[in-house]
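Open the model in your viewer and keep the selection tool at hand. This tour goes from stop to stop, with a short note at each.

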Amino acid sequence: MNKIILYIFISLFVNLAYAQTDSLSVSIDTSEIPIHEFKEDIPERYSDEDFDYTTAEGEAENILARIINWFFNGLQDIFGIEISPELAEILKNLIYLVLIVIVIYILIRVLAGKEVASFFGKKNNVVAPIHFSEEHIEKIDLDKLIQDALSINDYRLAIRYMYMKTLQELSVKKLIDYHFEKTNSDYQNEIKNEQLRLLFKKVSYLYEYIWYGKFDLNQEKYDNAKISFDQIKGNIEKIG
């Protein structure tokens with residue numbers, strides 16, 4: 001047993017000595033190392049588009065940027081028009097600005113409705129408002145205002161003017177005493193003829209429902225409402 005232990009100890013000692021001797025035996029390379037110098041024309045040699053890493057492409061760009069770049073590249077390939085990176089950036093910003101304005105306009109139209117559309121529309125398509133508190137209703141050419149409203153298909157405004165036309169006719173015939181501060185109920189109570197009073201009550205309801213309720217009219221609904229205004233107009237002419 002003692003011999004075995006002695007044998008193992010001697011083997012470990014021999015291997016350790018050999019390993020130390022082997023680790024110290026390092027061969028030295030005495031060959032000359034060639035020195036390579038950079039050439040002076042490196043910037044010119046690597047100035048092609050393949051070595052331009054300043055422009056993000058592929059996944060780093062959004063779809064719109066890719067479309068714009070494709071358009072600019074098409075101009076250069078087809079017509080030979082070369083656009084500098086600075087000019088291309090300016091044109092991109094302008095395109096973004098135009099698109100933002102269009103989106104805002106669409107959102108305003110969707111959220112605010114047709115009244116905003118008239119704001120952006122041509123001035124000659126807007127019927128000038130009238131101020132009944134500033135002049136007597138008999139001096140206003142309501143027939144022209146009705147036709148102007150119908151010419152731009154603003155049927156709500158046409159109904160408003162038709163109702164004012166009814167008040168105008170009643171005032172001319174001395175069937176009511178017109179004053180801009182009076183209510184529709186005040187005028188209704190002033191009308192002595194029962195049939196005329198019922199017709200006035202009907203057109204007053206239509207006017208208040210359509211105008212103040214902002215009821216959106218089309219041609220068909222306007223024609224149906226106009227029947228009641230034609231009826232009271234005929235009745236006023238008979239009484240007068």
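Start by selecting Ser 228. Leaving aside neighbours within four places in sequence, Ser 228 is in contact with Lys 202, Val 203 and Leu 206; contact means heavy atoms within 4.5 Å. Before moving on, note that this is a predicted model, where local features need pLDDT of at least 70, side-chain atom pairs count only at pLDDT 80 or more, and totals for chains, interfaces and linings use all residues. Residues are numbered from 1 along each chain as its sequence is written, and side-chain values use heavy atoms, with hydrogens and water left out.

Stay on Ser 228. It sits in helix α10, residues 219-239. Helices are DSSP runs (H or I, at least four residues), numbered from the N terminus. Is Ser 228 buried or exposed? Ser 228 counts as buried, at 6% relative accessibility. The cut-offs are under 20% relative accessible area for buried, over 50% for exposed, and partly exposed in between, with a 1.4 Å probe and protein chains only.

Next, select Lys 226, also in helix α10. Lys 226 is partly exposed, with a relative accessible area of 30%.

Now look for charged pairs. How many salt bridges does the structure hold? There are seven. A salt bridge is a side-chain nitrogen of Lys or Arg within 4 Å of a carboxyl oxygen of Asp or Glu.

Select Asp 143 and Lys 165. They form a salt bridge, with the closest N and O atoms 3.3 Å apart. Asp 143 lies in helix α6 (residues 142-151) and Lys 165 in helix α7 (residues 155-172), so the pair ties together parts 22 residues apart in sequence. Asp 143 is partly exposed at 40%, whereas Lys 165 is buried at 17%.

Move to Lys 144 and Asp 148. Their side chains meet in a salt bridge of 2.9 Å, N to O. These two are separated by about one helical turn, because they are four residues apart in helix α6.

Then pick Asp 177 and Lys 182. In this salt bridge the closest N and O atoms are 4.0 Å apart. Asp 177 is exposed, at 53%, and Lys 182 is partly exposed, at 26%.

For the last stop, select Glu 169, Lys 233 and Glu 237. A network of salt bridges links them.
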